[in-house]
Structure formats: C-alpha cells, structure tokens
Amino acid sequence: MAGSTKNRGYAVYLIPGLLASTAVIIVPLVMTVYISFTKWTGIGSPKWVGFDNYTRLFADANFWASFGHIILLIIAMAVVPTFLGLVLAAVLFDYVAKKFSDRWASVLRSGYYLPQVLPVAVTGIIWGWILHPSYGALNKILESVGLGSLAHNWLGDPKYALYSVMAVMIWFQLGYPIVMFMSGLQRIDPELYEAADLDGATWWQRFRKITVAMIRPELYVVLVTTTIASLKIFGQIFVLTRGGPSNATLVPSYFAYKNFFEKAQVGYGSAISTVLTVLIVILAIVFLRLQNRAERS
C-alpha cells in the first residue's frame, strides 16, 4: 500500500508533461487527420469529402517524386553519415587521442559537430553563397585551378540540385553520429582492444569485431533519429531550393507546406502530413523491434 501511494505521488509530476504533450502533439495530430478528410481553404467550415484527398494524393506524380527524393536524402542524412561517423569516431578515439591527445580529439569532434548547432537558415544561406553559379566560392575555386568546365549552377539545374543538397546534408549531419559513437566508445573495456592487439588483430579487424559490435545500441539510435530527420527535412530545402528547380528537390514536408500555405489546400496538405506521420511511426517501430531483437540475440 505504501509503495502504491508513493507511486501515485510521483504521478502528479507527470501531469504538466502530459498536458503539454496533449496540447502540442496529440490535439494537432487528431485535427490534422480529421482535416485530411475534408476540403478546406483555411477559412470557413471544412467540407467533408471522405477519402478524396488520399485518392488524389496517391495519383499525384509530385507526391511519388517527393518520396523518391526522400530515399536519396535518407542515404545522404542517415546511411553515409552513419558509416563515415563510425569510421571517423573510431579514428579520433583510437588513433588521434592516443597519438596526440584527448584534447585534439575533442577539438576535432567539436568541429565536426559545429554544423548541428548553427541555425539552419544561417547554414542554408552560406551554402547558397558557396554554390551560387555567378559568384559562388565553389565555381570560383574550380575556375582558378583550371577546372572551369566542371562549374555548374549547382542549385538551379535540375540535374545537379538534389545531389548538391545531398552533399550539404552529409556535411550538416556528420557531426551527430561522431559525437554519439565517441560517447559509446568510452564505455568499451580497453582490455578487449589489448587482447585483440596481443592476438595480432589489425585495426580494421578490431573495428569490425569489437567497435561495431559493442556500440550497436548507439548505432540503432543514430539510424533511427537520422532516418526520421531525413523524412521530416524542411528547413534546408526551404532555404536552399524551395523544392525547385522544377520540383527536382521537392520532399513531402515541403510539398505539404506548399499546399497548406501557398495553394490554400489545407485538406490536401493534411493528407500529405498524415501519410508522412504514419510512415515515420512505422519506421520507428520497425527499427525498435530490430534493436530489441539484436539485443536479445
């Protein structure tokens, strides 16, 4: 009885968080799902249209194209940064920290993480300057070293725009996996590496058999969070390309924004947001189950 009374006392402190979650997450989510079944311009009363928005959505070529772009952005924001971050974290932890000092490893780690703490608008504007076709630093550097033929309108040409955004997102996202993996490496018993050295293991063998195996929980966390971030990407697209040129960098979140605010098709925009939310929830559940299965095995 005393234990249950004590737990009920602690439950009181959960009320503010539950109220905030209800107001900020649950209520807007329920409203979005409801509005997705209506035709509404944002003014007046919504008109119930059933599944019309979803029927239109799944026949919309721009919607499917936006998800095709998301697949490439998942590679740029989740797959590539996770792999590079894992290798770089191992190098910083296992080589730089030992050969130079922990301070140098920390400085380099902070440098990699810097893009994560800068405002998205600032980084987007800076990269817009770098990639500008007329006065951009990248084209000027290519011209100065005799490679002017490689200069392009990186963000204005449909052939290069999405790949340019992918390169920016790899730069932007790389620091997060490095910080997570270096944190995970600190809990690995050094005796495991010492035993591997005595057995004559190479750096790559120690990396595969010890490092990757021991920080698997961090690996799953990074993959889940970066994949969800890539599905929700909006700010960088808004600042760099606005989904253009010719919808070459259109993604579901920006597609929903365009229908919400530029076209005043709130019901259709809500349908896009609902489908995106369902996809994110499904992916999160799949990742968590894979993680639990790996931990049990």
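**View 1. Threonine 82 is buried, at 6% relative accessibility.** Buried means under 20% relative accessible area, exposed over 50% and partly exposed in between, with a 1.4 Å probe and protein chains only. The model is predicted: local features need pLDDT of at least 70, side-chain atom pairs count only at pLDDT 80 or more, and totals for chains, interfaces and linings use all residues. Residues are numbered from 1 along each chain as its sequence is written, and side-chain values use heavy atoms, with hydrogens and water left out. Threonine 82 sits in helix H4 (residues 61–99). Helices here are DSSP runs of H or I, at least four residues, numbered from the N terminus. Threonine 82 touches Pro177, Phe181, Leu219, Val222, Leu223 and Thr226, leaving out residues up to four places away in sequence. Contact means heavy atoms within 4.5 Å. From threonine 82 to leucine 223 the C-alpha to C-alpha distance is 7.0 Å, across 141 residues of sequence.

**View 2. Serine 230 is buried in helix H12 (residues 216–231).** Its relative accessible area is 0%. A polar atom of the serine 230 side chain lies 2.6 Å from the backbone oxygen of threonine 227. Residues up to four places away in sequence aside, serine 230 touches Ile70, Leu73, Ile74 and Met77.

**View 3. Threonine 241 lies in the loop between helix H13 (235–240) and helix H14 (252–262).** Threonine 241 is buried, with a relative accessible area of 12%. Its side chain makes a polar contact of 2.6 Å with the side chain of threonine 249. A polar contact is a pair of N or O atoms within 3.5 Å; within protein, one must be able to donate a hydrogen and the other to accept it, and residues adjacent in sequence count only if both atoms are side-chain atoms. Neighbours within four places in sequence aside, threonine 241 contacts Leu155, Val165, Gln236 and Thr249.

**View 4. Helix H10 (residues 190–198) packs against helix H11 (residues 203–214).** The angle is about 165 degrees, and the axes are 11 Å apart. H10 is therefore roughly antiparallel to H11 (angles over 145 degrees). Axes are lines fitted to C-alpha atoms over the stretch in contact, with angles from 0 to 180 degrees between N-to-C directions. The crossing of H10 and H11 is right-handed: the near helix is turned clockwise from the far one by less than a right angle. H10 contributes Leu192, Tyr193, Ala196 and Asp197 to the contact; H11 contributes Arg206, Ile210, Thr211 and Met214. These residues divide into five nonpolar, one polar and two charged.

Definitions and conventions. Helix = DSSP H or I, 4+ residues; strand = E, 2+ residues; numbered from the N terminus. Parallel < 35°, antiparallel > 145°, perpendicular 65-115°, else oblique. Nonpolar A, V, L, I, M, F, W, Y, C, P; charged D, E, K, R; others polar.
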